[in-house]
Amino acid sequence: PTVDSARAMIERQVKQLVHLVDDLLDVSRVSRGRIVLQKSAINLSDVVLQAVETCRPQVDARAHQLHVSLPDRPLLIDGDFTRLTQVVSNLLNNAAKYTDEGGRIAVALESRPGATDDVAVLRVRDNGRGIDAHALNQIFELFFQANNSLDRAEGGLGIGLSLVKRLVENHGGRVTVHSAGRGQG
C-alpha cells in the first residue's frame with residue numbers, strides 16, 4: 001500500500017509538472033509569435049463540451065455544481081479547436097481551483113449581433129474567492145498571482161490566464177475579467 005500510494009503521488013506530481021512546462025512553452029511560443037494556429041471551421045459548443053470533459057475530474061473532486069449553457073444552433077468560427085479548448089479549460093480550471101468546495105460554476109456560450117457579423121461570447125462565472133479591484137488590470141499578465149502566499153496549495157504560477165489572453169487575441173478576440181471583490185466570485 002505504501003508503494004502504491006507513493007506511485008500515485010509521483011504520477012500526480014509528474015502530470016502537474018508536465019502541465020506547467022507545457023504552459024510555459026506555450027506562453028513562450030505565443031509571445032514570440034511562433035505558435036501556428038491550426039484553424040478550421042469549428043463549432044464553439046464542441047470546444048466548450050471538450051473543455052468541460054477535461055475539467056470534470058477537478059470540478060467533481062471539489063464537489064462543485066457546474067452548469068453549462070450552449071446555443072440551440074451551431075456557433076461556427078474559424079479557429080484552432082485544440083487551442084480554444086485549452087483556453088476554456090484554463091478558465092474552468094481556475095474557476096474550480098479558486099472556488100471553495102461545493103461552489104457553483106457556470107459556463108455560457110452565446111451569439112450576439114456585432115457590427116458586421118455575429119460575435120461569440122463565452123462567460124465563465126463562479127461564486128469563488130473573487131479578485132481585488134487593484135488586481136483586475138494585472139490578472140492576465142504573465143506570472144501575476146492575485147494572492148501569492150506560499151501556504152496556498154492550489155496556487156499556480158500565473159501562466160494560465162496569460163496564455164488564455166494571448167490565444168484569444170491570436171484568434172481576433174478579447175478577454176476581460178470582472179469581480180466585485182474578495183468573496184464575490
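The exercises below work through a predicted model of one protein chain.

Residues are numbered from 1 along each chain as its sequence is written. Because the model is predicted, local features need pLDDT of at least 70 and side-chain atom pairs count only at pLDDT 80 or more, while totals for chains, interfaces and linings use all residues; side-chain values use heavy atoms, leaving out hydrogens and water.

**Exercise 1. Chain overview**

Task: State how many helices and strands the protein chain has, and give their pattern along the sequence.

Solution: 
- Step 1. Helices (H or I, at least four residues) and strands (E, at least two) are DSSP runs, numbered from the N terminus.
- Step 2. The protein chain has four helices and five strands.
- Step 3. Along the sequence they follow α-β-α-β-β-α-β-β-α.
- Step 4. Contact means heavy atoms within 4.5 Å. Of the contacts between residues at least 6 apart in sequence, 74% join residues at least 24 apart.

**Exercise 2. The sheet**

Task: Find the strand order of the open sheet, then describe how strand 4 pairs with strand 2 and with strand 5.

Solution: 
- Step 1. Two strands pair if DSSP finds at least two bridges between them.
- Step 2. The sheet is open, has three strands in the order 2-4-5, and its pairing is mixed. Strand 2 (65–69) and strand 5 (118–126) are the edge strands, each pairing on one side only.
- Step 3. From one strand to the next, the twist averages 10 degrees. Axes are lines fitted to C-alpha atoms, for helices over the stretch in contact, and angles run from 0 to 180 degrees between N-to-C directions.
- Step 4. Strand 2 and strand 4 run parallel and are joined by five bridges. Gln-65 has Arg-104 in strand 4 as its bridge partner.
- Step 5. Strand 4 (residues 104–113) and strand 5 run antiparallel, with nine bridges between them. Leu-109 has Leu-122 in strand 5 as its bridge partner.
- Step 6. Helix 3 (residues 81–97) packs on the sheet and touches strand 2, strand 4 and strand 5; its direction makes about 25 degrees with that of strand 5.

**Exercise 3. Burial and surface**

Task: What percentage of the 185 residues counts as buried, and how much accessible surface does the protein chain have?

Solution: 
- Step 1. Of the 185 residues, 33% count as buried.
- Step 2. Accessible areas come from the Shrake-Rupley method with a 1.4 Å probe; for residues, only the protein chains shown count as cover.
- Step 3. The accessible surface comes to about 11500 Å², of which 51% belongs to carbon and sulfur atoms.

Key: Buried < 20%, exposed > 50% of the residue type's maximum accessible area, 1.4 Å probe, protein only.
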